[in-house]
Number of protein chains: 2
Amino acid sequence: MKITANDPKRQTWLPVPDKSDFPIQNIPFGVFLTRDDVITIGTRIGDTAIDLGALHQLGYFEGIPLTDDIFLQDTLNDFISDGKKTWRLVRNRIAELFDVKDKSLQNHDEHKERVLFAMDEIEMQLPVQVGDYTDFYSSIEHATNVGTMFRDPDNALLPNWLHIPVGYHGRSSSIIPSGIPVHRPLGQKLPKGADNPKLGPSRLVDFELEMAFITTDANHLGEPIPIDEAEDYIFGLVLFNDWSARDIQKWEYVPLGPFLAKSFASSISPWIVTLDALEPFRTDSPKPLKKQLEYLQYKGKKSFDIKLQVAIQPEDKVETVVANTNFKYMYWNMSQQLAHHTINGCPVNSGDMMGSGTISGPTPDSYGSMLELSWRGEKPVKLKEGGDRKFIEDNDTVIIRGYCENKDIRLGFGEVSTKLLPVFKKQ
Amino acid sequence: MKITANDPKRQTWLPVPDKSDFPIQNIPFGVFLTRDDVITIGTRIGDTAIDLGALHQLGYFEGIPLTDDIFLQDTLNDFISDGKKTWRLVRNRIAELFDVKDKSLQNHDEHKERVLFAMDEIEMQLPVQVGDYTDFYSSIEHATNVGTMFRDPDNALLPNWLHIPVGYHGRSSSIIPSGIPVHRPLGQKLPKGADNPKLGPSRLVDFELEMAFITTDANHLGEPIPIDEAEDYIFGLVLFNDWSARDIQKWEYVPLGPFLAKSFASSISPWIVTLDALEPFRTDSPKPLKKQLEYLQYKGKKSFDIKLQVAIQPEDKVETVVANTNFKYMYWNMSQQLAHHTINGCPVNSGDMMGSGTISGPTPDSYGSMLELSWRGEKPVKLKEGGDRKFIEDNDTVIIRGYCENKDIRLGFGEVSTKLLPVFKKQ
């Protein structure tokens, strides 16, 4: 089925500010609380949020096989379960409806009143109930930087890294949408030279600039997903900040991996940009440095050119962009990640979230964590206002943004913005 | 509130076979499909399954604050969210109703027809939708055995082990109830002496004898659970078989921990035995070998005396019990695990599952995995029928059982029984 929603020439009758991440070619999906305190599924064009529940009730999705309440839910999980064909039909219909040439809704003031909201009238929610969350470790620059700092600069990559899209299970319950603040975590840390750990606030709180993809129901227990089919099960992507506490991590992570150093919070941008919308921005992944096993070999362009940046904004100060990187630097792509994740028969469900791992680029200004940007605190990062940073300080806000651009269009993810509060104190 | 359901003197009017795990003092909770193809929440006395949805509709829970549909659901999550007070009221009421002295239901044939099922008329389901699943590593004997085998017999425990209830995030989507078979997983393994891995069936499939506890909604993002309150948030326990593929694990697990070596399946017993029911079997945990940080210090008996065994049954052969162990051997108890899990503010929700880690005892016949029982294959385990075993072979069924016993009563968990099928082949 043709993705007519992607037509770069299409104009909309809704206002779209210059350089908006949300032209009519984007049509992302999210969940929001309306001014009437109703939770609904919606999309966004420019700075207008569109209530898909109301649109559906008004009959605008006639002919598309959807249950009556599919958009009147507090998560996208059921809609995502409907599968790629349905997502396309819905996105194509939305594109038609808001096309400047279409008058059906455009000239219906009463319907517009029910369906359209200004962005400042609504409150974005978590778009899915995350069943399982997996975090990969798929940027070769990030893995090399970490290996150089903590192990051996001459053998920075571990022996399995070039063979396996290394990943681990993360905690779903602490995934939060943009705007929700996070407390600096308490945890065990081993003071330098000490034999015994102490409990205290993490002093090395860090962001990790990542993206995450969200899946639909893909396979049954026991059944691997072939790499050529993997993209059929990817609904879309969000920006992902995998908050990390480096001192807690160092003490706890051998032998079973990071645990409390990560599970205090991970923040996501609230609009899921569909894989369909990203179609024009396909690009090659880096060339494999070693031959990969057959189940990880793919044809065609499986990566996407998504420009990413991260900024730090101290309280009441201007923000400073501290890194610029790109999703295309990922050594292992999403299809490889999904093929690997299921090679053992592990089931993947609607609403599962898979993080890329920190996305670092080849140059020091393209590293995706403070650990790397400040080289574990040895080279503090200068901010325009508010001093230097080795790691994140209390009341700093970390903002990740991402967008795609070609000669015809620009579309993006908006942002994930999260403030770090001091340690939680019981009232 | 008194747990009157635990009265050891109480007799029931339902038949209870000798040595049953399900006397009227147990009253576990589960979810089953009835002979009429209806999913309901239920309990079990002897070999009779009791439909709590029907009991509630018939008014037998009058006076207890329950929503009308609380038991007419396909998971226990909402009931568990109702909290400990409600669980107690319901268990106490069920005990009264099936007390031999109570005639209300006993003499009502029409109601009994609607409420009671023989065990072979029903099909047990997964009792909860598992939001997040965490697996600990809390048996000192198991950690010591693994450290001795793979690292250094003189320093078998890693430096953090005596300070941290070490744990890691697991995969929820592959948690299955007893009776569902599992395919031998495919995965990457590094052949001995080779530089590059191969893809193939795991040759070292293992069980891990564990128990898992199931939580209710406990805390908000940022808010630790004090150790003295931890038990308030534990609904109950199940038997847990954390299937493991040792060859896949060895190649993948550094540095981020086990991933596909575990996520192909974990099986649980279908009846959740409440923490309340286990009250008479409280016992001391092992004495700490090192002073523990204050947030991990507790008063009273926080462990439970639960006898555990694991058996292997080759196809069409008799089973052989290969190990006997006990939940009380756990060095870190559930209260410590939950206090540690939330010290960083990680939210715990209704339906979360926390595995103990392999429970090994002090003697070679009390080890909780084939890895330990066969000492990584060096000492094959003799079966009564079907040959020796270093690890689990195709079409073997692994059965874990557990029960508590004192001079007054015996109650138990039933079993988790899982057959290992050959590698999945696409039809």
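**Domain and chain interfaces in the predicted model**

Across the interface of domain 1 of chain A and domain 2 of chain A, 13 residue pairs are found in polar contact, with both residues at pLDDT 80 or more; a polar contact is a pair of N or O atoms within 3.5 Å, in which, within protein, one atom must be able to donate a hydrogen and the other to accept it, and residues adjacent in sequence count only if both atoms are side-chain atoms. The structure is a predicted model, in which local features need pLDDT of at least 70 and side-chain atom pairs count only at pLDDT 80 or more, whereas totals for chains, interfaces and linings use all residues. Residues are numbered from 1 along each chain as its sequence is written, chains are lettered from A and ligands numbered from 1 in the order in which they are written, and side-chain values use heavy atoms, with hydrogens and water left out.

The side of domain 1 of chain A that touches domain 2 of chain A receives at least two residues from each of strand 1 (30-33), strand 2 (39-45), helix 2 (77-81) and helix 3 (84-97) of chain A, where helices (H or I, at least four residues) and strands (E, at least two) are DSSP runs numbered from the N terminus. By class, this side of domain 1 of chain A holds 13 nonpolar, nine polar and six charged residues, with Ala, Val, Leu, Ile, Met, Phe, Trp, Tyr, Cys and Pro counted as nonpolar, Asp, Glu, Lys and Arg as charged, and the others, Gly among them, as polar. Two salt bridges are found across the interface of the two domains of chain A, a salt bridge being a side-chain nitrogen of Lys or Arg within 4 Å of a carboxyl oxygen of Asp or Glu. The side chains of A:Arg88 and A:Asp276 form a salt bridge with an N to O distance of 2.8 Å.

Domain 1 of chain A covers residues 4-124 and domain 2 covers residues 133-421, with bounds that come from an automatic or database domain assignment. The C-alpha centres of these two domains of chain A are 29 Å apart, and their contact (heavy atoms within 4.5 Å) takes 28 residues from domain 1 and 31 residues from domain 2. About 2300 Å² is buried between the domains of chain A, with carbon and sulfur atoms giving 58%; buried area is the accessible area (1.4 Å probe) that two parts lose on being put together, summed over both. In domain 1 of chain A, the most area is lost to domain 2 by A:Asp21, A:Ile80 and A:Met124, together 24% of what that side buries.

Between chain B and chain A, the contact takes 65 residues from chain B and 65 residues from chain A, and the buried area is about 5700 Å², of which 64% comes from carbon and sulfur atoms. Four salt bridges are counted between chain B and chain A; B:Asp352 forms a salt bridge with A:Arg171, with the closest N and O atoms 2.7 Å apart. Polar contacts between these chains number 27 residue pairs, both residues at pLDDT 80 or more. Elements of chain B that give two or more residues to the side touching chain A include strand 7 (167-170) and helix 7 (334-342), and the largest share, four residues, comes from strand 7 of chain B.
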